[in-house]
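Biologist: Could you take a close look at the ligand site and describe what surrounds the ligand there?

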Amino acid sequence: MQIHIEPISKSRIDQVDFDQLAFGRSFADHMLVAEYANGAWQSVKIQPYGPLEYQPAMMSLHYGQSIFEGMKGYRGKDGSIQVFRPEENWKRFNKSAYRMCMPEVPEEIFLGGLRELLKLDQAWVPAKEGCSLYIRPFMFATDEYVGVTPSTTYKFIIFNCPVGSYYSKPLRVRVETEYIRAAKGGVGFAKNAGNYGGSLFATQNANKDGYDQIIWTDAATHQYVEEAGTMNLMFVINGALVTAATGDTILDGVTRKSVMQIAQDWGMEVQERQLAVKELIEGIQNGSVTEAFGAGTAAVIAPIATIGFEGKDYDLPERKDSDFSVRVYNEINQIRLGEISDTRNWVWKV
Ligand code: COI
């Protein structure tokens with residue numbers, strides 16, 4: 001499909017302080033915009049990043065037919081630009097689209113469009129250690145209609161943000177036993193906007209009590225660990241890597257599956273299973289739980305320092321360089337930067 005390119009007349013890159021990058025506050029010069037109507041993708045354009053005009057009755061604003069992805073681009077030591085496993089995000093995006101009654105986005109638009117966009121905005125990929133270009137593809141319903149039904153028109157957009165870390169320090173997280181994120185038969189596995197909107201209230205309550213994030217528990221019993229608001233959760237228990245199995249309520253995270261693959265390659269036992277909150281808390285107390293961390297695109301590997309449960313805080317052991325979470329972060333980082341050989345074929349070169 002032909003991509004029409006309308007370049008910016010003057011870059012805004014000088015306005016960004018690449019030494020002080022926050023997460024998701026600065027936006028690269030261009031964005032990709034594709035339009036779906038009459039049962040087909042009609043046009044794909046790369047144009048200056050900027051406001052778009054919509055009708056107040058645009059359906060996605062009312063009924064949440066809106067999905068997204070998150071990927072990261074890196075500048076290798078040789079200056080080349082590469083993205084970590086974007087094919088996985090493309091596949092997951094289309095699974096979310098199917099669940100939300102939205103059209104699939106073909107590879108040539110998602111990945112082909114991304115390649116053209118990144119070629120134009122290469123200068124925006126940070127070179128600084130710990131920084132990257134966060135890539136946000138998303139799609140939303142654009143029909144002007146107030147009935148509750150799938151839209152017939154959609155927009156697919158990709159924009160990019162140069163970013164620093166999502167979390168800047170080891171996290172204090174609280175086990176949530178009142179509100180839920182996802183339930184069996186629901187949309188928890190899809191990356192639809194409503195999952196995140198629905199998480200805000202409980203997360204805000206936890207923030208007020210001094211916690212950074214929530215550990216969601218299963219909707220039926222609140223006894224089992226699910227995931228955190230922005231990432232999958234992983235634990236090292238008796239030397240094995242433990243994480244919730246994917247299903248209706250768990251996002252099939254690309255970082256999650258990469259961490260599991262590396263653990264297996266290193267000969268570590270990987271257990272995808274239910275983890276009872278009781279087992280977790282007892283394990284912290286008796287020393288069998290040695291590490292807890294979140295894994296996600298934005299967060300990468302986010303160590304957890306403290307878990308709050310029923311009004312008490314339980315501290316994880318101090319982090320050491322020999323910890324699995326430290327070593328796996330270094331491995332992923334070195335693969336992304338091209339510092340070690342990409343034996344698993346995870347790096348996608350622009
Ligand atoms: C990501 O890790 O890319 C996510 O989607 C989390 C996001 C909500 C910040």
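Modeller: In this predicted model, the shell around the ligand draws at least three residues from each of two domains, domain 1 (4-163) and domain 2 (171-336), and these are the domains into which the chain is divided. Their centres, taken over C-alpha atoms, are separated by 27 Å, and the contact between them takes 21 residues from domain 1 and 21 residues from domain 2.

The residues that surround the ligand are Phe68, Gly70, Tyr134, Tyr166, Lys191, Tyr196, Thr230, Thr297 and Ala298; sorted by class, this shell has 5 nonpolar, 3 polar and 1 charged residues. As for the space that the ligand takes, it is the second largest pocket.

Turning to individual atom pairs, Tyr134 places a polar side-chain atom 2.6 Å from an oxygen atom of the ligand, and Lys191 likewise has a polar side-chain atom at 2.7 Å from a ligand oxygen. With Thr297 the atom concerned belongs to the backbone, where an N or O atom lies 3.3 Å from an oxygen atom of the ligand. On its own the ligand has 280 Å² of accessible area, of which the protein covers 90%.

Taken together, the picture is of a ligand in the second largest pocket, with a shell to which both domain 1 and domain 2 contribute at least three residues, and with polar side-chain atoms of Tyr134 and Lys191 as well as a backbone atom of Thr297 placed at the distances given above.

Definitions and conventions:
Residues are numbered from 1 along each chain as its sequence is written. This is a predicted model: local features need pLDDT of at least 70, side-chain atom pairs count only at pLDDT 80 or more; totals for chains, interfaces and linings use all residues. Side-chain values use heavy atoms; hydrogens and water are left out. A residue is near a molecule or strand if one of its heavy atoms lies within 4 Å of it. A polar contact is a pair of N or O atoms within 3.5 Å; within protein, one must be able to donate a hydrogen and the other to accept it, and residues adjacent in sequence count only if both atoms are side-chain atoms. Accessible areas come from the Shrake-Rupley method with a 1.4 Å probe; for residues, only the protein chains shown count as cover. On a 1 Å grid over the protein atoms alone, a cavity is a set of points where a 1.4 Å probe fits but cannot get out, and a pocket is an open set with protein on both sides within 12 Å along at least five of seven lines; lining residues have an atom within 4 Å of a point. A molecule sits in a cavity or pocket if more than half of its atoms lie within 2 Å of its grid points. Ala, Val, Leu, Ile, Met, Phe, Trp, Tyr, Cys and Pro count as nonpolar, Asp, Glu, Lys and Arg as charged, and the others, Gly among them, as polar. Domain bounds come from an automatic or database domain assignment. Contact means heavy atoms within 4.5 Å.
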